[in-house]
Amino acid sequence: VVCSPGKLFEIWGTELDAPRLRRVRGVASSDLNYPVFAGDSDTFVYLRSEGEKTGIEAASFDGTFDPYWVVEPIEGFIAPISIDPVRGTVICVWEKPEAIDLYKVELKGGTPTRLFAESANRTLGRFSPDGSMFAYLS
């Protein structure tokens with residue numbers, strides 16, 4: 001993530017075998033942050049914020065498809081933290097007045113649902129490489 005001349009954050013990337021920075025995604029009126037790659041190494045999701053609203057958008061690293069909303073913009077803060085490498089489920093952290101908790105949503109888009117039945121303060125998780133385990137902070 002790099003700050004643009006317009007003072008907005010953009011997604012930049014590089015290939016590790018041939019390092020060269022390139023702008024992957026920028027939106028004139030939005031900050032982009034928290035990029036997370038899906039298992040196919042081309043698709044990634046990220047937080048897109050405009051004022052007090054945030055949403056989760058998906059894009060292609062090489063531009064093979066147009067960006068789309070995984071989670072439409074909402075009041076407050078929601079950000080992707082991990083993607084199941086097998087099923088493609090996006091795990092996100094959603095900050096609400098009662099708690100900061102983990103939610104899941106399909107990569108194709110939809111309404112986030114709570115990952116756990118009971119409310120608690122949970123955040124910062126990652127899937128195991130085979131998608132069978134999920135570790136997080138509580």
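1. Aromatic pairs. The rings of Phe, Tyr and Trp (its six-membered ring) pair if their centres lie within 6.5 Å, and by this rule the count comes to 10 aromatic pairs. Planes under 30 degrees apart count as stacked, over 60 as edge-to-face and the rest as tilted. The model is predicted: local features need pLDDT of at least 70, side-chain atom pairs count only at pLDDT 80 or more, and totals for chains, interfaces and linings use all residues. Residues are numbered from 1 along each chain as its sequence is written, and side-chain values use heavy atoms, with hydrogens and water left out.

2. Two of the pairs. The ring centres of F65 and Y68 are 5.9 Å apart and the planes stand at 40 degrees, so this pair is tilted. For F134 and Y136 the centres are 6.2 Å apart and the planes at 25 degrees, so that pair is stacked.

3. Buried means under 20% relative accessible area, exposed over 50%, and partly exposed in between (1.4 Å probe, protein chains only). F65, at 28%, is therefore partly exposed. Y68 is partly exposed because its relative accessibility is 27%, and Y136 because its value is 33%.

4. Other ring features. One aromatic cluster is formed by F37, F44, Y46 and F61. A charge sits over a ring if NZ of Lys or CZ of Arg is within 6 Å of the ring centre and within 35 degrees of the ring normal. K96 lies over the face of W94, at 4.1 Å from the ring centre.

5. The nonpolar cores. A nonpolar core is a set of buried Ala, Val, Leu, Ile, Met, Phe, Trp, Tyr and Cys residues joined through side-chain atoms within 4.5 Å. The largest has 16 residues, of which V45, I56, V70 and I78 touch the most other members. At least two residues of this core come from each of β6 (53-60), β7 (68-75), β8 (77-83), β9 (89-95) and β10 (100-106); strands are DSSP runs (E, at least two residues), numbered from the N terminus. A second, separate core has eight residues, including I11, Y46, A59 and F61.

6. Contacts of V45. Contact means heavy atoms within 4.5 Å. Leaving out residues up to four places away in sequence, V45 touches, among others, Y34, V36, I56, V70 and L107.

7. Residue S60. S60 is found in strand β6 and counts as buried because its relative accessibility is 5%. Residues up to four places away in sequence aside, S60 touches V24, D42, F44 and F65.

Notes. Helices (H or I, at least four residues) and strands (E, at least two) are DSSP runs, numbered from the N terminus.
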